[in-house]
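Hi there,

Here is the structure I promised to pass on to you. Have a look at it first, and then read on for what turned up.

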Amino acid sequence: TSNSDDPFNVHCSPNDSMTKLGYLALSVLTVVSACTKDVTLPVQPYTSKLSIQSLITPGQPARAYVYQTVAFFDPHVKPADLFARNASVRIGTSEASEVLSPDSSWNAFRCQFEYFYSGRVPVQAGKVYNLAVGWKGQTFTASATTNQQTVPVDSVTYSAAFTDLYG
(Lines give C-alpha, C1' and ligand atoms only; values in the text may rest on other atoms or scores of the structure.)
Protein backbone atom coordinates (compact mmCIF):
# COMPACT_ATOMS: atom_id res chain seq x y z
CA THR A 1 0.00 0.00 0.00
CA SER A 2 1.17 3.52 -0.66
CA ASN A 3 0.55 6.68 1.24
CA SER A 4 -0.20 9.64 -1.03
CA ASP A 5 0.97 12.09 1.70
CA ASP A 6 4.49 10.53 1.60
CA PRO A 7 6.27 11.96 -1.48
CA PHE A 8 9.21 9.52 -1.11
CA ASN A 9 7.02 6.50 -0.53
CA VAL A 10 8.88 5.59 2.67
CA HIS A 11 7.18 3.30 5.15
CA CYS A 12 8.31 2.63 8.68
CA SER A 13 7.02 -0.05 10.91
CA PRO A 14 8.06 -1.33 14.34
CA ASN A 15 9.91 -4.18 12.59
CA ASP A 16 12.13 -1.66 10.70
CA SER A 17 13.31 -0.18 14.02
CA MET A 18 14.15 -3.65 15.28
CA THR A 19 16.11 -4.38 12.10
CA LYS A 20 18.12 -1.16 12.49
CA LEU A 21 18.76 -1.98 16.15
CA GLY A 22 19.90 -5.47 15.12
CA TYR A 23 22.37 -4.04 12.60
CA LEU A 24 23.69 -1.61 15.23
CA ALA A 25 24.16 -4.43 17.75
CA LEU A 26 25.92 -6.56 15.14
CA SER A 27 28.25 -3.66 14.27
CA VAL A 28 29.12 -3.02 17.93
CA LEU A 29 29.71 -6.74 18.49
CA THR A 30 32.03 -6.87 15.47
CA VAL A 31 34.08 -3.89 16.69
CA VAL A 32 34.34 -5.24 20.25
CA SER A 33 35.36 -8.70 19.09
CA ALA A 34 38.05 -7.34 16.74
CA CYS A 35 40.74 -7.34 19.43
CA THR A 36 44.40 -7.99 18.78
CA LYS A 37 46.34 -11.02 19.85
CA ASP A 38 50.09 -11.39 20.15
CA VAL A 39 51.40 -14.21 18.03
CA THR A 40 54.85 -15.71 18.51
CA LEU A 41 56.30 -16.94 15.24
CA PRO A 42 58.98 -19.61 15.31
CA VAL A 43 62.36 -18.35 14.13
CA GLN A 44 63.31 -20.09 10.92
CA PRO A 45 66.92 -21.20 10.43
CA TYR A 46 68.88 -18.55 8.55
CA THR A 47 72.50 -18.37 7.44
CA SER A 48 73.86 -14.84 7.30
CA LYS A 49 75.44 -13.75 4.03
CA LEU A 50 77.63 -10.83 3.09
CA SER A 51 76.20 -7.86 1.21
CA ILE A 52 78.84 -5.84 -0.66
CA GLN A 53 78.17 -2.58 -2.45
CA SER A 54 80.99 -0.45 -3.77
CA LEU A 55 81.04 2.98 -5.34
CA ILE A 56 83.96 4.22 -7.40
CA THR A 57 83.77 7.73 -8.79
CA PRO A 58 86.75 9.30 -10.58
CA GLY A 59 88.38 11.97 -8.45
CA GLN A 60 87.02 10.57 -5.18
CA PRO A 61 88.31 7.83 -2.87
CA ALA A 62 86.76 4.37 -3.24
CA ARG A 63 84.02 3.37 -0.84
CA ALA A 64 82.65 -0.11 -0.06
CA TYR A 65 79.59 -0.91 2.06
CA VAL A 66 80.08 -4.37 3.60
CA TYR A 67 77.20 -5.64 5.74
CA GLN A 68 75.91 -8.95 7.05
CA THR A 69 72.37 -9.96 6.15
CA VAL A 70 69.97 -11.08 8.87
CA ALA A 71 66.67 -12.94 9.07
CA PHE A 72 63.50 -10.87 8.73
CA PHE A 73 62.56 -10.93 12.43
CA ASP A 74 66.13 -10.56 13.73
CA PRO A 75 66.38 -7.88 16.45
CA HIS A 76 69.82 -6.70 15.21
CA VAL A 77 68.90 -4.38 12.35
CA LYS A 78 70.93 -1.24 13.09
CA PRO A 79 73.79 -0.49 10.67
CA ALA A 80 76.28 -0.63 13.55
CA ASP A 81 75.17 -4.22 14.30
CA LEU A 82 75.25 -5.34 10.66
CA PHE A 83 78.53 -3.73 9.57
CA ALA A 84 81.17 -6.39 8.85
CA ARG A 85 83.94 -4.81 10.94
CA ASN A 86 86.42 -7.65 10.59
CA ALA A 87 86.39 -7.81 6.78
CA SER A 88 89.53 -7.09 4.76
CA VAL A 89 88.76 -4.85 1.79
CA ARG A 90 91.26 -4.11 -0.97
CA ILE A 91 90.74 -2.18 -4.21
CA GLY A 92 93.13 -1.25 -6.95
CA THR A 93 94.29 -1.34 -10.54
CA SER A 94 97.04 -3.40 -12.14
CA GLU A 95 99.50 -0.63 -11.15
CA ALA A 96 98.58 -0.02 -7.50
CA SER A 97 96.14 -1.05 -4.80
CA GLU A 98 95.15 0.02 -1.32
CA VAL A 99 93.49 -1.49 1.72
CA LEU A 100 90.26 0.31 2.62
CA SER A 101 89.73 1.25 6.27
CA PRO A 102 86.51 1.22 8.32
CA ASP A 103 84.89 4.65 8.36
CA SER A 104 81.52 6.26 9.00
CA SER A 105 79.55 9.41 8.28
CA TRP A 106 76.34 10.89 9.64
CA ASN A 107 73.29 10.41 7.40
CA ALA A 108 71.04 13.37 8.23
CA PHE A 109 68.10 11.93 6.30
CA ARG A 110 68.05 8.67 8.29
CA CYS A 111 69.36 10.26 11.50
CA GLN A 112 72.01 7.60 11.98
CA PHE A 113 75.59 6.80 11.09
CA GLU A 114 76.45 4.93 7.89
CA TYR A 115 79.37 2.55 8.14
CA PHE A 116 81.63 1.71 5.21
CA TYR A 117 85.20 1.00 4.16
CA SER A 118 86.94 3.99 2.63
CA GLY A 119 90.15 4.54 0.71
CA ARG A 120 92.41 7.57 0.54
CA VAL A 121 93.65 7.49 -3.05
CA PRO A 122 91.29 9.14 -5.57
CA VAL A 123 89.89 6.84 -8.27
CA GLN A 124 91.27 7.54 -11.76
CA ALA A 125 89.11 7.69 -14.89
CA GLY A 126 89.59 5.09 -17.62
CA LYS A 127 91.05 2.39 -15.34
CA VAL A 128 89.92 -1.12 -14.47
CA TYR A 129 89.51 -1.52 -10.70
CA ASN A 130 89.45 -4.85 -8.86
CA LEU A 131 87.74 -5.21 -5.49
CA ALA A 132 88.58 -8.08 -3.12
CA VAL A 133 86.72 -8.59 0.15
CA GLY A 134 87.86 -11.24 2.62
CA TRP A 135 85.46 -12.33 5.34
CA LYS A 136 85.30 -15.44 7.53
CA GLY A 137 87.67 -17.40 5.31
CA GLN A 138 85.92 -16.50 2.06
CA THR A 139 87.06 -14.07 -0.64
CA PHE A 140 84.65 -12.15 -2.86
CA THR A 141 85.91 -10.33 -5.95
CA ALA A 142 84.50 -7.90 -8.49
CA SER A 143 85.85 -5.56 -11.15
CA ALA A 144 84.63 -2.35 -12.75
CA THR A 145 85.89 0.11 -15.33
CA THR A 146 85.64 3.85 -14.81
CA ASN A 147 85.11 4.69 -18.47
CA GLN A 148 81.89 6.68 -18.35
CA GLN A 149 82.19 10.22 -19.57
CA THR A 150 81.11 13.07 -17.33
CA VAL A 151 77.86 14.59 -18.55
CA PRO A 152 78.05 18.39 -18.78
CA VAL A 153 75.24 20.20 -16.95
CA ASP A 154 74.18 23.41 -18.71
CA SER A 155 71.80 24.68 -16.05
CA VAL A 156 69.84 23.67 -13.00
CA THR A 157 66.29 24.83 -12.24
CA TYR A 158 63.95 24.43 -9.31
CA SER A 159 60.20 23.89 -9.47
CA ALA A 160 58.32 24.65 -6.26
CA ALA A 161 55.14 23.02 -7.60
CA PHE A 162 55.92 19.39 -8.24
CA THR A 163 53.28 16.82 -9.10
CA ASP A 164 54.11 13.15 -9.17
CA LEU A 165 52.10 10.04 -9.87
CA TYR A 166 50.20 10.36 -6.59
CA GLY A 167 49.24 14.00 -7.02
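This is a predicted model: local features need pLDDT of at least 70, side-chain atom pairs count only at pLDDT 80 or more; totals for chains, interfaces and linings use all residues.

Thr 93 is found in the loop between β3 and β4 (97–107). Its relative accessible area is 15%, under the 20% limit, so Thr 93 is buried. Glu 95 has a relative accessibility of 59%, so it counts as exposed.

Glu 95 also has a charged partner. A search of the whole structure finds 1 salt bridge, and Lys 127 forms a salt bridge with Glu 95, with 2.9 Å between the closest N and O atoms. The pair links distant parts of the chain, 32 residues apart: Lys 127 is in the loop between β5 and β6 (128–135), and Glu 95 is in the loop between β3 and β4. With a relative accessible area of 22%, Lys 127 is partly exposed.

The protein chain has 2 helices and 7 strands, and along the sequence they follow the pattern α-β-β-α-β-β-β-β-β. Of the 167 residues in the protein chain, 19% are buried.

Now to the aromatic rings. How many aromatic pairs does a search of the whole structure find? There are 5. One of them is formed by Phe 83 and Tyr 115: the ring centres are 5.8 Å apart and the planes are at 35°, so this pair is tilted. This pair, too, links distant parts of the chain, with Phe 83 in the loop between α2 and β3 (88–92) and Tyr 115 in strand β5 (residues 112–122), 32 residues apart. Are these two residues buried or exposed? Phe 83 counts as buried at 3% relative accessibility, and Tyr 115 is buried as well, with a relative accessible area of 17%.

Another pair is made by Trp 106 and Phe 113, and this one is edge-to-face, at 5.1 Å centre to centre and with 75° between the planes. Phe 113 has a relative accessibility of 39%, so it counts as partly exposed. If you trace the ring pairs, you will also see that they link Tyr 67, Phe 83, Tyr 115 and Tyr 117 into a cluster.

Arg 85 lies over the face of Tyr 115, at 5.4 Å from the ring centre. Arg 63 lies over the face of Phe 116, and here the distance from the ring centre is 3.8 Å.

Which residues make a nonpolar surface patch of about 530 Å²? The patch is made by Val 39, Leu 41, Phe 72 and Phe 73. Phe 73 lies in the loop between β2 (61–68) and α2 (79–82). At 62% relative accessibility, over the 50% limit, Phe 73 counts as exposed.

Best wishes

Key
Residues are numbered from 1 along each chain as its sequence is written. Side-chain values use heavy atoms; hydrogens and water are left out. Patches are made of residues with over 30% relative accessible area and no salt bridge: like charges are joined within 9 Å, nonpolar side chains (Val, Leu, Ile, Met, Phe, Trp, Tyr) within 5 Å. Accessible areas come from the Shrake-Rupley method with a 1.4 Å probe; for residues, only the protein chains shown count as cover. A salt bridge is a side-chain nitrogen of Lys or Arg within 4 Å of a carboxyl oxygen of Asp or Glu. Helices (H or I, at least four residues) and strands (E, at least two) are DSSP runs, numbered from the N terminus. Buried means under 20% relative accessible area, exposed over 50%, partly exposed in between (1.4 Å probe, protein chains only). Rings of Phe, Tyr and Trp (its six-membered ring) pair if their centres lie within 6.5 Å; planes under 30 degrees apart count as stacked, over 60 as edge-to-face and the rest as tilted. A charge sits over a ring if NZ of Lys or CZ of Arg is within 6 Å of the ring centre and within 35 degrees of the ring normal.
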